[in-house]
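Here is a short briefing for a first look. Take in the sequence and the fold, then read on.

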Amino acid sequence: MRMKTRVPSELSRMIGVQGWKEKYAHLRRRFDRFSALFRSSGYSSPDELFFSIEDLPPLGKEYWFLHFCAPPDESQVILTLGRSADAFEVNSSSLKGVEKSKPAEGSIRCAAVGWLHSGSKKVLMDTHADVRIERSSFKSSLEAKSKNSRVEIHGVYPNFNVHFSQGKREIFRARAFAPKNDLPYEIIHILNNPLVPKLSTVLVNYYFDFKGALHGKPISGKAYLQKVIAVMPLAPWNWVRINFASGAVIDFFTGKPLGHKSEVRFAGNAYFEHKGRRVKLAGKLVLTRFMDGESTAWVLTGKNLLLSMRTYSLQPFVMKQRTTFRYDEYLVRVTDFAYREGKNEHSLSSLGAGVGIVEEASGYLI
């Protein structure tokens, strides 16, 4: 008996059989291209990934993250730009799916949350922004514009210029450049395995020094710029990144696919970097939180490691799609630090004041 292929009635009614076949073929090509992207290990430059706009398939997401930190001063500047293949909501902003969004010609529409702390907290953006990207071997650029705010990134690796402004007033500017000794950038593939080859993540991390001005006053320190492309649900995680006045860094990331109460973890970065040498943190690392909101204290412990932090500012994100995903950025100062590596011992007295960020994500974004 000959079996007939049946098209789901809703799809058939919306776009017809032929339209459904074309739609399926288009989605298949997009998934195949992303699968090839995730299997690839080589790029002509990190800028090729950072200054790009992808044709996202279902479950696809891309976002940019910028973090500027200036220890021993507690000033920090943060920007997140992101979008999804499907419609979603971030805080008070609703964004349509990729194929239905209508940004300015030649740009894409992203959720945008930019904020800073310099004596007090100031939110620069908490809305949607139109993002325009141009890339060449001589100069690349990313520009994000909302109703009254603008962010611009110009340059070619290893030198970028970053500007934040509101109206005609400059809020923050920075000249970011590769550090002399530390790792300058890395491209990472996450969960790229043969069991789910079309569900994966690729990202680029830039590690820069920077000099500039915040509210017209000189500022310098460490800059972290990131671009992520993912085709998978977002699940809970924690990330800690601390910069010390001496230039040393502690970085710790762990994914928690079954939630914060489960012991199941995805291993990620966990290292101490000092004087151009990056050392993996050994043993099981545990991040514990105490209290809530801006009273939150954090303690990261592991083999020969104690890192205690106190929150001094907080920016929450609530993302809604088919589910609800909460992502909070905590700005923290280090209150105690001790780390032994072989015969070397490090403390706040030897490294200088520590300042940075703790991220906590909970829930799921499909």
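What pLDDT does the protein chain average, and what share of the residues score at least 70? This is a predicted model. The protein chain averages a pLDDT of 85. At least 70 is the score of 79% of the residues.

**Confidence**
- Strand S10, residues 169-177, has the highest confidence in the protein chain, at a mean of 98.
- Helix H1, residues 9-39, has the lowest, at a mean of 57.
- The pLDDT is below 50 over residues 1-15. Beyond near neighbours in sequence, this stretch has nine contacts in the model.

**The largest nonpolar core**
- The largest nonpolar core has 40 residues.
- Phe-68, Phe-164, Phe-172 and Leu-225 have the most contacts inside this core.
- Strand S12 gives the most to this core, with six residues.
- Phe-68 touches Phe-172 and Leu-225, among others, not counting residues up to four places away in sequence. Its partners also include Val-77, Val-162, Ala-174 and Phe-210.

**Asn-205**
- Asn-205 lies in strand S12, which spans residues 200-214.
- Is Asn-205 buried or exposed? Asn-205 has a relative accessible area of 2%, under the 20% cut-off, so it counts as buried.
- Its side chain makes a polar contact with the side chain of Tyr-224, at 2.9 Å.
- Another polar contact, of 2.9 Å, joins the side chains of Asn-205 and Gln-226.
- Leaving aside neighbours within four places in sequence, Asn-205 is in contact with residues including Pro-184, Tyr-185, Glu-186, Ile-188 and Leu-225.

Definitions and conventions:
Residues are numbered from 1 along each chain as its sequence is written. This is a predicted model: local features need pLDDT of at least 70, side-chain atom pairs count only at pLDDT 80 or more; totals for chains, interfaces and linings use all residues. Side-chain values use heavy atoms; hydrogens and water are left out. Helices (H or I, at least four residues) and strands (E, at least two) are DSSP runs, numbered from the N terminus. Buried means under 20% relative accessible area, exposed over 50%, partly exposed in between (1.4 Å probe, protein chains only). A polar contact is a pair of N or O atoms within 3.5 Å; within protein, one must be able to donate a hydrogen and the other to accept it, and residues adjacent in sequence count only if both atoms are side-chain atoms. Contact means heavy atoms within 4.5 Å. A nonpolar core is a set of buried Ala, Val, Leu, Ile, Met, Phe, Trp, Tyr and Cys residues joined through side-chain atoms within 4.5 Å. pLDDT is the predictor's confidence in each residue, from 0 to 100.
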